[in-house]
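Please read it alongside the sequence and the structure shown here.

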Amino acid sequence: MIAKGKIRGEGGKLARYLTTGEPGETAQLVEARGLERFGSDPVTAFDRMEQWAGENTRCRMAFFHQQIRLAPGERLTDAQWMEAADRTEKRHGFTGQPRMVSFHIDEATGDKHLHVAWFRVDLDAKRAIDPGM
C-alpha cells in the first residue's frame, strides 16, 4: 500500500475531483460523512466548509487529502480499503471529522485507488487540526 497526503484549500475543486476523477477514470463516491450541515451536495458543502473556516479561524487550508494506491499485485476488499481510511483518520487526529471517500477506477485497466478528504477544522474548538506531518 502506498499512501500520500497533503493539506490543501480549494474545497469545491477538491470535492469536484473526488466525485469526477481524471479523464479515463470513473469516480465512485463511497461516503460523504458530516457534510449535511454545510450543503446538500459535496461541492457546495466543501465550498461552505472552507468559507466557514475562513470566517471562524485563521485556517486557510482547511482540508487534508489522502490518496492510497496498491503496490503491484496487491489486492484489498472494499472493507479493507475503508479500514485503511479509518486507520489514517485516527492516526492524523481526524476522528469524526467530516469527510468524503471515493474510489477512482481506471477505465482501461480496472485498477482502483482510494481518495479521502477530511475537513481538518474542529467545529467546536474553531481551530485547525494538525495532522502531524
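In what follows, contact means heavy atoms within 4.5 Å. The model is predicted. The points below treat helix H2 (residues 42-56), helix H3 (residues 78-92), the residue Glu89 in H3 and the largest pocket, with a volume of about 330 Å³.

**Helix H2**

- H2 comprises 15 residues, and the distance from its first C-alpha to its last is 21 Å, close to the 21 Å expected at 1.5 Å a residue.
- Pro42, Ala45, Phe46, Met49, Trp52 and Ala53 are the buried residues of H2.
- At the start of H2, the backbone nitrogen of Val43 has a side-chain oxygen of Asp41 within 3.2 Å.

**Helix H3**

- H3 has 15 residues and spans 21 Å from first C-alpha to last, close to the 21 Å expected at 1.5 Å a residue.
- The buried residues of H3 are seven named positions along the helix: Trp81, Met82, Ala84, Ala85, Thr88, Glu89 and His92.
- Viewed down the axis of H3, the buried residues fall within an arc of 150 degrees, so they line one face of the helix.
- An α-helix has 3.6 residues a turn, so residues three or four places apart point the same way.
- Exposed residues Ala79, Arg87, Lys90 and Arg91 are carried on the face of H3 turned away from its buried side.
- Strands S2 (25-33), S3 (63-69), S4 (99-106) and S5 (112-119) are among the elements that cover the buried residues of H3.
- Gly93 follows H3 and has a positive phi, near 85 degrees.

**Glu89**

- Glu89 lies in helix H3 and counts as buried because its relative accessibility is 6%, under the 20% cut-off.
- The side chains of Glu89 and Arg33 are joined by a polar contact of 2.8 Å.
- Beyond its neighbours within four places in sequence, Glu89 is in contact with Arg33, Phe94, Thr95, Gly96, Arg99 and Trp118.

**The largest pocket**

- The largest pocket is lined by 18 residues, and Leu70, Arg75, Asp111, Lys112 and His113 lie nearest its centre.
- S4 and S5 are the elements that give two or more residues to this lining.
- S4 supplies the largest share of the lining, 3 residues.

Key:
Residues are numbered from 1 along each chain as its sequence is written. This is a predicted model: local features need pLDDT of at least 70, side-chain atom pairs count only at pLDDT 80 or more; totals for chains, interfaces and linings use all residues. Side-chain values use heavy atoms; hydrogens and water are left out. Helices (H or I, at least four residues) and strands (E, at least two) are DSSP runs, numbered from the N terminus. The expected span of a helix is 1.5 Å times one less than its number of residues. Buried means under 20% relative accessible area, exposed over 50%, partly exposed in between (1.4 Å probe, protein chains only). The arc is that of the directions from the helix axis to the C-beta atoms. A polar contact is a pair of N or O atoms within 3.5 Å; within protein, one must be able to donate a hydrogen and the other to accept it, and residues adjacent in sequence count only if both atoms are side-chain atoms. On a 1 Å grid over the protein atoms alone, a cavity is a set of points where a 1.4 Å probe fits but cannot get out, and a pocket is an open set with protein on both sides within 12 Å along at least five of seven lines; lining residues have an atom within 4 Å of a point. Grid points are joined across faces, edges and corners, and a volume is the space filled by probe spheres set on the points.
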